[in-house]
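Look at the sequence and the model first.

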Amino acid sequence: MKALRISVMAMAISGLALGFVAPMASAQTTMRISVSTAQNSHQGVAIDTLAKEVEARSNGRYKIKTFYAGALGAEREAIEAVQLGTQELTWTSTGPIPNFVPEVKILDVPFLFRDYAHARAVLDGQIGQDMLKKFDAKGFKALAWGENGFRHMTNNKRAINAPDDMKGLKMRTMENPVHIQAYKGFGIIPTPMAFSEVFTALQQGTVDGQENPLSVITANKFEQVQKYLTLTGHVYSPGIFLMNKAVFDKLSPADQQIFLESAKVAAKANRDRVDEDEKTAVTYLRGKGMNVIDNVDRSKYQSVLAPVFADFEKQFGKAAIDQIKAVK
Ligand code: EAX
């Protein structure tokens, strides 16, 4: 009997030595990700690309189910769900982020970024990459920056030809303290609201207008409920791929790399779609009957905000603001 036991042991050891390991069933882990716009949008492209890349790079070991148009909740709810771990991933604008990671709200300062190239250089450079690390302490792994776009004003009351035309307009804003403070500086009556309620609020006249990038305006058919659009470009709205930190930390280093590299590819696809929308949206919206004002002297809008900028320099530090503006 003893001899039999020894020979079984010897076989097992030799089997392991030869690299024979019981074949693991390639278990598939399913995760969920959400955005607040329709699938055919810059946000839809972001999560569809992430899902495709992760599944391909992991040989199907990870499957990410994608949800659009706020199906899993508005951006703030989705961020909360990712923080709690009831949802593994989300792509969101930075609108609600100050409620979770206040260090990031400097990015929401109006007229901080010159253009798309400048914004992308800041986010992909040291400043932006350091900011991604701030999410770790709040239960998130920020995989990469995406892009929502430069935000513009739409409303149903009147054409906004100059800053004074915004005075008294009741405008939906994101739940973002920097935006709310700035828009009050324009004389706007800000009405913070989850994005999922905006179309109906505009349709019913609960608010006069809203502000969003062209990609969002077209993806959500705001031309059906808004008459006037002015290309103020008053704020650059970053996007971001967020993952629950505990879920990320449980991944092997190789699988963590898969998620990080996939997010980078998805961010590029997201930005490419914004570039496309920026080229076509104005013609499309005019074709749908919107009155679009595109010859905007942004310096006039900036000078109206001078008192607010002074306060932002106190809040964030003039050096931090200048450091972002100085990025080439
Ligand atoms: O899909 O809430 C907002 O206005 C944000 O821009 C959101 O990403 C729109």
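The second largest cavity holds about 30 Å³ of space. Its lining is made up of S34, V35, S36, G73, A74, E75, A78, T90 and W91. Helix 3 and strand 3 (89–93) each give at least two residues to this lining.

The model is predicted, so local features need pLDDT of at least 70 and side-chain atom pairs count only at pLDDT 80 or more, while totals for chains, interfaces and linings use all residues. Residues are numbered from 1 along each chain as its sequence is written, and side-chain values use heavy atoms, with hydrogens and water left out.

A cavity is a set of points, on a 1 Å grid over the protein atoms alone, where a 1.4 Å probe fits but cannot get out; a pocket is an open set with protein on both sides within 12 Å along at least five of seven lines; lining residues have an atom within 4 Å of a point. Volume means the space filled by probe spheres set on the points, which are joined across faces, edges and corners. Helices (H or I, at least four residues) and strands (E, at least two) are DSSP runs, numbered from the N terminus.

The whole structure has 2 cavities of 30 Å³ or more. In the largest cavity there is about 130 Å³ of space. Of the 18 residues lining the largest cavity, E75, S93, R172, M174 and F195 lie nearest its centre. Helix 3 (75–84) and strand 4 are the elements that give two or more residues to that lining.

Residues around the ligand, with a heavy atom within 4 Å of it, include S36, T37, Q43 and N212.

The protein covers 98% of the 270 Å² of accessible area (Shrake-Rupley method, 1.4 Å probe) that the ligand has on its own.

The largest pocket has a volume of about 270 Å³. It is lined by 15 residues, and Q129, L132, L143, A144 and K264 lie nearest its centre. Helix 5 (126–133), strand 4 (140–155) and helix 10 (253–287) each supply at least two residues of this lining.
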